[in-house]
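I opened this entry to record what I looked up, in the order I looked.

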Amino acid sequence: MRRITVLGATGSIGDSTLDLIDRDRDAWQVVALTGGRNVALLAARARGFGAALAVTADPARLGELRELLAGSGVEAAAGPAALVEAAERPADVTVSAIVGAAGLAPGFRALAQGGRLALANKESLVAAGPLLMAEAARHGASILPVDSEHSAVFQALAGEDIATVERIVITASGGPFRNWPAERLATATVAEAAAHPRWSMGQRISIDSASLFNKALELIEAREFFGVAPEQVEVVVHPQSIIHALVGFVDGAMMAHLGAPDMRHAIGYALNWPVRRPLPVRRLDLVALGALAFEAPDPLRFPALRLARAVMATGGLAGAAFNAAKEVALDGFIAQRLRFPDMAAVVEATLDRLSADRGLTIAPSRLDDVLAMDHLARQTAGAIVQASRT
Ligand code: NAD
Ligand code: MG
């Protein structure tokens, strides 16, 4: 039996992860499950999977969680420090599936165990890629990608020398607004933005997919994960979401990874690696698919990719500022304080202001440096959101 902890066990990736564990109960012992505010679901899952510990991020809900777990033998805890403690409990595999920068510290701390971090929380790599990779190396831990595109790249690289890689191409569905004219984007509602055409995901990443901010984060994630130069990572729009990524080599060959859009593939691969085990994902019918389409992303309607390129060129703390500003802008859109196109404008204005006032190019030496920039960028972006309303 392998011990597993799922950080973000009540979300979309948490669902898919627990579905796989449920199908293979004899293989796994659940150590800790964590969640946000939905303590009823967290408690039900902790009971159902016989977890030793359940942690809610919200300290105000500890009493409720305790009541729900009474008599179950599952320990209850709450708050950000308890999340980190959950990540530090000995486990062979930790799935990092909290959404946003809140996932950074718990995932980072889990690496000290020297085990495996199955990383869905791409925000960690965007904000603190070099620190995270160095921490993994220091403890002999492995980080396995759970993002579908990065899992695809990882699989296409199996047995290859990274020095022979010319380019990495990650695909984007283009989201629900792929064919919307620019004027119409200003009228986009939260429900329209969250309705992803191909993938069923949490609300935040779905809206980020509509704005291509998700792909912007993934460009940076790919660069950090695979250690290639920014110009070696490309994005192509592929509306069918069948090819998840391609790797081009110095001899001109390209290896593509194809599969049905189902996160259980990438999660299962990360859990089972280095072996492949049967997974309950739909098999492709190539004849039914007929053709695969590709197009270039439109930089005018979707500025996020351009911003990601600027962030990679700046380096240092720019990724932490970018992610934090994006989270604040997304909050503003969800709260209907910002229109859809305003999100990119807020992120760009935040980066401009911070690079004028602060050294965004300074490389962080500790996690606290990243968290301090995260905090500062949230304040700056928040002030810009406020000002944009009046
Ligand atoms: P989600 O919103 O469905 O779930 C997020 C989880 O994090 C929940 O358990 C929630 O309770 C918890 N959470 C939220 N705020 C928290 C906080 N402040 N502190 C602690 N826990 C908190 O999100 P998701 O779609 O499952 O995405 C999770 C992560 O995986 C994100 O980083 C996302 O980018 C990444 N990812 C998701 C998918 C997908 O298909 N859903 C694909 C690739 C990558
Ligand atoms: Mg992805």
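**Ligand site**

I worked from a predicted model throughout. I listed 23 residues around ligand 1. T10, S12, I13, G36 and E123 come nearest.

I got 12 nonpolar, eight polar and three charged residues.

Then I went through polar contacts to oxygen atoms of ligand 1. I found an N or O atom of the E123 side chain 2.7 Å from one such oxygen. For I13, I noted a polar backbone atom 2.9 Å from an oxygen atom of the ligand. For G11, a backbone N or O atom lies 3.2 Å from a ligand oxygen.

How much of ligand 1 does the protein bury? I took the ligand alone and got 820 Å² exposed; the protein buries 84% of that.

I also asked which elements give two or more residues to this shell. I found helix 1 (12-22) and helix 6 (122-139).

**Domains**

I noted three domains in the chain: domain 1 (2-145), domain 2 (151-260 + 283-289) and domain 3 (315-388). I went back to the ligand with these bounds. Domain 1 and domain 2 each give at least three residues to the shell around ligand 1.

I then turned to domain 1 and domain 3. I have their centres, taken over C-alpha atoms, 26 Å apart. I counted 11 residues from domain 1 and 13 residues from domain 3 in the contact. The two domains bury about 850 Å² between them. I put 74% of that area on carbon and sulfur atoms.

**Backbone**

I kept a general point in mind: most peptide bonds are trans, and most residues other than glycine have a negative phi. I logged two departures.

Is the peptide bond from W273 to P274 cis or trans? I read it as cis, with omega near 10°. I placed P274 in the loop between helix 12 (263-272) and helix 13 (286-289).

L212 was my other entry. Its phi is positive, near 70°, and L212 is not a glycine. I located L212 in the loop between helix 10 (203-211) and helix 11 (213-226).

How values were computed: Residues are numbered from 1 along each chain as its sequence is written. Chains are lettered from A and ligands numbered from 1 in the order in which they are written. This is a predicted model: local features need pLDDT of at least 70, side-chain atom pairs count only at pLDDT 80 or more; totals for chains, interfaces and linings use all residues. Side-chain values use heavy atoms; hydrogens and water are left out. A residue is near a molecule or strand if one of its heavy atoms lies within 4 Å of it. A polar contact is a pair of N or O atoms within 3.5 Å; within protein, one must be able to donate a hydrogen and the other to accept it, and residues adjacent in sequence count only if both atoms are side-chain atoms. Accessible areas come from the Shrake-Rupley method with a 1.4 Å probe; for residues, only the protein chains shown count as cover. Helices (H or I, at least four residues) and strands (E, at least two) are DSSP runs, numbered from the N terminus. Ala, Val, Leu, Ile, Met, Phe, Trp, Tyr, Cys and Pro count as nonpolar, Asp, Glu, Lys and Arg as charged, and the others, Gly among them, as polar. Domain bounds come from an automatic or database domain assignment. Contact means heavy atoms within 4.5 Å. Buried area is the accessible area (1.4 Å probe) that two parts lose on being put together, summed over both.
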